[in-house]
There are 2 protein chains.
Amino acid sequence: MASQPTLRQKLAQAQTENRSWLCIGLDPVRDRLPASVRDIARPFLAFCRAIVAATADLVCAYKPNLAFWLTEGPAGLAQLQALIADIPPTIPVILDGKFNDVGHTANAYAHFAFEVLGVDAVTLNPYLGMDGIRPFLNNENFGAFLLARTSNPSAPDVQDLSAGGNPVYEEIARLAAQWEEHLPGMCGLVVGATYPAEMARVRQLAPTLPFLIPGVGAQGGSVEAARIHGPTQDELGPVVNSSRGIIYASSGDDFAQAARNAALRIQAQLRPK
Amino acid sequence: MASQPTLRQKLAQAQTENRSWLCIGLDPVRDRLPASVRDIARPFLAFCRAIVAATADLVCAYKPNLAFWLTEGPAGLAQLQALIADIPPTIPVILDGKFNDVGHTANAYAHFAFEVLGVDAVTLNPYLGMDGIRPFLNNENFGAFLLARTSNPSAPDVQDLSAGGNPVYEEIARLAAQWEEHLPGMCGLVVGATYPAEMARVRQLAPTLPFLIPGVGAQGGSVEAARIHGPTQDELGPVVNSSRGIIYASSGDDFAQAARNAALRIQAQLRPK
């Protein structure tokens, strides 16, 4: 039996095979689903399955955000579980949960993400320090992207507080680069495309850490910054996420084809060398 | 129809009626359940229902941590939903999810917590700033406790970074005190009992904000610090959480009675004036 690739290898292979740094955010909202899908059984699953079928040759990852699936309660979580089982095994799946908790609780979240749902990686909030991160990074088949600079307008409230002369988000990048050396899992950073200067700075501080870059598309972030500062020094490409700009490209029955067309446009802007 | 009390009033009433600042963390772990419960249908629900029935006259709140319920997948989430519906409506329920996300995603989590599950309050991680907090605090019937100082050993990694001469956790307390003035919901702070000096400092900086204090019991935190620094200046008591020390007080069939006895001991140490 061939040994399982590490997550870093799996991500690099998906980027090469699909010639893509694009990640699609699978974030269904009931009111925005096409009318033909909204009222059937398991609408979130049907909608996202169609998006995945139309785009699986164009992406390097998919990223469902847990929040949207939970709005439908237990049935929503069951649909997420079924969707993840359905995504081609060569494409990494990142569960965007921004988890953060004390050690034994972080263990429970890691079990949920990697065993119950079967994803490859998660997003984590680093505010609790190393304790809350270790359970997600004890195996090279799994990984975590730690929030450094988020894409939202109020990101500066806490992230730009001056920590010993440097903003807090820079200190997170430094800490992550240290933690990464002691943990076998793939440790990356989240850096919003809406803050290009901050992205450049984080890349300087953490040259080897893969980036997850949200905020292109509906949030208006810079594709150019992702292209320039996204890759690591050994040329692992970034995972550049767009959600609403792709999955809601059309509100009609052509939503899957429209999503494919929108994905093709971003993929082309981002194509790796 | 009598108007619904605000969350602040509801919490104060529960503290007065039950003469208690104790909150019990409803954090089931399959391997730790009594053998008689482990293999029945809906074991988490049965276990926690028995704990609630045995302690509802001794607490001012219950706090389920979402992580543990998710380890059982959709069935676990359904059990959490059923449990919350079963808790007496005079006792506030705090969903410990440590949510943190951009505005429109924070909206989805708020819908999940307050509408789908029906809790009164949540815990939030403030790293994304005001955007991610506002959706939880736009109604005086609901509330949120923001992480200031967490109870875990690696809390200092990020929380003690010096922000303009002050540690980051102090800046969070200052920010929360400002945000609280502009939002109708009940805004409180999480301050671990394992860090008594930091708790004293946060109380100075945010004299009116209610505290959620984890870390007594299994984590070894200071009940004395909670007693002294816990109350607000207008004497709303803190919500002092213990999970494992109470719910796993016995691994036998007497677990509910043992939980009651453990709860009685902590309640007595913490009894409000």
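In chain B, an open sheet of 8 strands has the order 2-1-10-9-8-5-4-3, with parallel pairing. Strands are DSSP runs of E with at least two residues, helices are runs of H or I with at least four, and both are numbered from the N terminus. Two strands pair if DSSP finds at least two bridges between them. The model is predicted: local features need pLDDT of at least 70, side-chain atom pairs count only at pLDDT 80 or more, and totals for chains, interfaces and linings use all residues. Residues are numbered from 1 along each chain as its sequence is written, while chains are lettered from A and ligands numbered from 1 in the order in which they are written.

The edge strands of the sheet are strand 2 (61-64) and strand 3 (94-99) of chain B, and each pairs on one side only. Strand 3 of chain B is joined to strand 4 (residues 121-124) of chain B by 3 bridges, and the two run parallel. Here B:I94 stands opposite B:A121. Strand 3 of chain B is largely enclosed by the rest of the structure, because 6 of its 6 residues are buried. A residue is buried if 20 or more other C-beta atoms, placed from the backbone, lie within 10 Å of its own. Both faces of this strand are covered. B:I94, B:D96 and B:K98 lie on one side, and B:L95, B:G97 and B:F99 on the other. In a regular strand the side chains alternate between the two faces of the sheet.

Strand 9 (residues 211-213) and strand 10 (residues 239-242) of chain B also run parallel, joined by 2 bridges. B:L212 has B:V239 as its bridge partner.

The two chains meet through 47 residues of chain B and 47 residues of chain A. Residues are in contact if their C-beta atoms, placed from the backbone, lie within 7 Å. Helix 6 of chain B gives the largest share of its side, 7 residues. By class, this side has 25 nonpolar, 17 polar and 5 charged residues. Ala, Val, Leu, Ile, Met, Phe, Trp, Tyr, Cys and Pro count as nonpolar, Asp, Glu, Lys and Arg as charged, and the others, Gly among them, as polar.

A rotation of 180° with 0.0 Å of shift along its axis superposes chain B on chain A (RMSD 0.0 Å). That is the relation of a two-fold axis. Superposition is by least squares on the C-alpha atoms of residues with pLDDT of at least 70 in both copies. The same surface serves both copies, as 100% of the contact residues of chain B recur in chain A.

Conventions
A residue is buried if 20 or more other C-beta atoms lie within 10 Å of its own, exposed if 12 or fewer, and partly exposed in between; C-beta atoms are placed from the backbone.
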